[in-house]
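Student: Let us go through this model together, with the sequence and the structure side by side.
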Amino acid sequence: MKKQQKLPQNYLEKIPAHPAHIPFTVDDNGIVTLAVENKGLANRLAQWILHKPKVSYIHLDEHGSFVWQCIDGGKTILAIGEEVKAHFGQAAEPLYERLATFFNILDSYGFVKWNA
């Protein structure tokens, strides 16, 4: 009996969610700031020797902040893209290439988790 191969999921059908370990704030202008705690031995040494901060603050731009606030753990990237398109119109183009790049960056830093 052959093992069934799992087909790769369409990236736009993935469902992003906020990880619990990354708190964030939204200012009056709608700009999101992520508060990322610098953990681990290398970071502790850098904090002690180089006086690096224990928490780094990542400020998202207008588009990134809007996308971040659309993430609810239930919407696909495709659905989020429709909201972005409705909000920003032509200024969001090339929409899905930008969203894919944004989510790849968030994923590479562990700033997003994926629901089924």
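Student: Which residue is the bridge partner of F24 in β3?
Tutor: This is a predicted model, in which local features need pLDDT of at least 70, side-chain atom pairs count only at pLDDT 80 or more, and totals for chains, interfaces and linings use all residues. Residues are numbered from 1 along each chain as its sequence is written, and side-chain values use heavy atoms, without hydrogens and water. Strands here are DSSP E runs of at least two residues, numbered from the N terminus. Three bridges join β2 to the antiparallel strand β3 (residues 32-37), and the partner of F24 in β3 is L34.

Student: Why is one side of β2 and of β4 left without a neighbour in the sheet?
Tutor: Strands pair if DSSP finds at least two bridges between them. The open, antiparallel sheet has the order β2-β3-β4. β2 (24-26) and β4 (55-59) stand at its edges, so each has a single partner strand.

Student: Is H63 buried or exposed?
Tutor: H63 belongs to helix α2. Beyond its neighbours within four places in sequence, H63 is in contact (heavy atoms within 4.5 Å) with F88, A91, A92 and R98. Buried means under 20% relative accessible area, exposed over 50%, and partly exposed in between, with a 1.4 Å probe and protein chains only. At 19%, H63 is buried.

Student: Which side chain meets E83 in a salt bridge?
Tutor: A salt bridge requires a side-chain nitrogen of Lys or Arg within 4 Å of a carboxyl oxygen of Asp or Glu. This rule gives a count of one. E83 is partly exposed at 29% relative accessibility, and its partner, at 2.7 Å from N to O, is K75.

Note on methods
Helix = DSSP H or I, 4+ residues; strand = E, 2+ residues; numbered from the N terminus.
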